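Subject: Structure for you to look at

Hello,

Here is the structure I said I would pass on. Please open it first, then read the notes below it.

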Amino acid sequence: MEPADRPVETPKHLAWLQSIAGELATATLGRLDETLPWYRAMPPARRAAIGSVAQAGITSFVQWYQDPNSQPWVAADVFGNAPRELLRSISLQETLQLIQVVVQMVEERVVNEHPDLTEAVLRYSRDIAFSAADVYARAAEARGLWDARLEALVVDSIISGETSQEISSRVAALGWRSDGQVAVLLGSAQASPDPDGLRKVSRKAGCDVLIGIQGRRQVVVIGLLTRANEAAAAIHEVALKLEEFFGSGPLILGTAVGTISEAPKSAKSALAAHAVAKASSKQPRPLLADELLPERALAGDSLARSTLLERYYYPLAASNPELLETLKTYLECGRSLEQTSKTLFVHANTVRYRLKRIFEEISADATEPRTAFVLQVALLLGSINDNEYGMKR
């Protein structure tokens with residue numbers, strides 16, 4: 001709006017407006033108290049802050065009316081003087097309700113007395129509404145940039161294995177809603193990443209995500225909103241839906257963990273698996289990090305080593321010694337039942353029975369080639385571990 005379009009200054013109206021400004025401000029505060037429950041419920045300090053903004057709006061209107069050469073965005077002063085207080089005290093919706101009450105009071109008191117001021121009131125109302133929207137838009141933009149930086153920092157912390165307490169507090173600031181299990185999905189980034197699309201698919205899948213792009217690598221921390229009995233399977237289903245948002249090459253899903261504070265453990269497994277993924281002949285997308293436990297252990301991953309021991313070796317060692325001996329012999333004999341039975345001086349059916357018991361004990365079928373390799377590495381690690389600690393089994 002050009003200054004020439006402003007209402008012509010009328011000394012009579014200006015003096016009158018100045019004379020009623022205080023009365024109008026007082027009446028406006030009373031109307032706020034009558035019509036806005038959220039205003040009544042506020043503590044005195046915040047009520048005073050909002051009241052001062054409403055009063056400033058009326059004063060600003062008089063000044064705007066007085067000076068036709070002033071900038072059209074003079075209304076921005078109303079919010080520019082105390083934008084932080086406003087943003088901390090009330091929402092944008094409540095701000096618009098506040099403006100509506102102030103404009104109604106001005107219309108009732110000013111326009112009814114001098115109808116020729118209607119256009120001035122309408123133009124000022126428009127300016128002050130845009131001013132409020134501008135303040136909140138800038139605040140939202142600043143918050144968005146801050147959230148993006150904080151999210152990148154959290155993902156970097158998870159990848160680098162920082163302390164769990166710091167991660168929990170940081171994701172809380174980002175509005176992390178997940179109360180369920182968590183896992184890290186790691187792969188290459190696309191030439192044109194689509195984080196908005198990835199978040200949309202994640203929401204539909206019932207999970208929360210943190211996204212980090214580190215050079216050519218993209219990291220997505222997946223968190224189920226509620227705890228699941230089959231967490232690994234549930235997260236794997238989500239990862240399948242997110243596969244299209246990654247570039248070519250290995251896509252690794254880390255070990256599922258209980259909470260976001262344990263996410264560094266999942267990230268460590270994903271990183272270790274990603275480093276040895278090319279050694280595997282099969283590379284489904286996503287590939288579970290635990291599918292490469294032997295390769296990871298051979299590459300020096302201590303987490304894979306301890307997982308193999310705890311998942312396979314220790315349970316067998318703690319049960320019937322015959323099972324561990326049978327499994328060792330069976331694997332050393334190239335998975336030959338006859339050769340195993342001859343070596344152990346037992347019937348072949350006894351070997352079959354013990355292999356069945358082994359399956360029941362550790363949920364691993366030693367007759368399957370890949371599982372046999374996994375178990376053989378686990379038994380070797382167990383033997384090394386026993387020798388280090390002087391244990392005989």
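Start with helix 14 (residues 321-332) and helix 16 (residues 348-362), whose axes come within 10 Å and cross at roughly 110°. Angles of 65 to 115 degrees count as roughly perpendicular, and helix 14 and helix 16 are therefore roughly perpendicular to each other. Keep in mind that this is a predicted model.

Which residues bring the two helices into contact? From helix 14 they are Glu322, Leu323, Thr326, Leu327 and Tyr330, and they meet Val351, Arg354, Leu355, Arg357 and Ile358 of helix 16. In this contact of helix 14 with helix 16, six residues are nonpolar, one is polar and three are charged.

Two of the charged residues there also form a salt bridge: in the pair Glu322 and Arg354, the closest N and O atoms are 3.4 Å apart. Glu322 belongs to helix 14 and Arg354 to helix 16, so the pair ties together parts that are 32 residues apart in sequence. Are these two residues buried or exposed? Glu322 counts as partly exposed because its relative accessibility is 37%. Arg354 has 12%, so Arg354 counts as buried.

Helix 16 also holds Thr350, which counts as partly exposed at 27% relative accessibility. The C-alpha atom of Thr350 is separated by 9.6 Å from that of Leu337, 13 residues apart along the chain.

Now the salt bridges elsewhere. How many are there in the whole structure? The search finds 11. One of them joins the side chains of Glu243 and Arg285, at 2.8 Å from N to O. Glu243 is in the loop between helix 10 (231-242) and strand 4 (252-253), while Arg285 is in the loop between helix 11 (263-276) and strand 5 (287-288), so this pair ties together parts that are 42 residues apart in sequence. Glu243 is partly exposed, with a relative accessibility of 25%, and Arg285 is partly exposed, also with 25%.

Another salt bridge is formed by Glu295 and Arg370, with the closest N and O atoms 2.8 Å apart. This pair links distant parts of the chain, as Glu295 sits in helix 12 (residues 293-298) and Arg370 in helix 17 (residues 369-388), 75 residues apart. Glu295 counts as buried at 13% relative accessibility, whereas Arg370 is partly exposed, with a relative accessible area of 30%.

Regards

Notes
Residues are numbered from 1 along each chain as its sequence is written. This is a predicted model: local features need pLDDT of at least 70, side-chain atom pairs count only at pLDDT 80 or more; totals for chains, interfaces and linings use all residues. Side-chain values use heavy atoms; hydrogens and water are left out. Axes are lines fitted to C-alpha atoms, for helices over the stretch in contact, and angles run from 0 to 180 degrees between N-to-C directions. Helices (H or I, at least four residues) and strands (E, at least two) are DSSP runs, numbered from the N terminus. Angles under 35 degrees count as roughly parallel, over 145 as roughly antiparallel, 65 to 115 as roughly perpendicular and the rest as oblique. Contact means heavy atoms within 4.5 Å. Ala, Val, Leu, Ile, Met, Phe, Trp, Tyr, Cys and Pro count as nonpolar, Asp, Glu, Lys and Arg as charged, and the others, Gly among them, as polar. Buried means under 20% relative accessible area, exposed over 50%, partly exposed in between (1.4 Å probe, protein chains only). A salt bridge is a side-chain nitrogen of Lys or Arg within 4 Å of a carboxyl oxygen of Asp or Glu.
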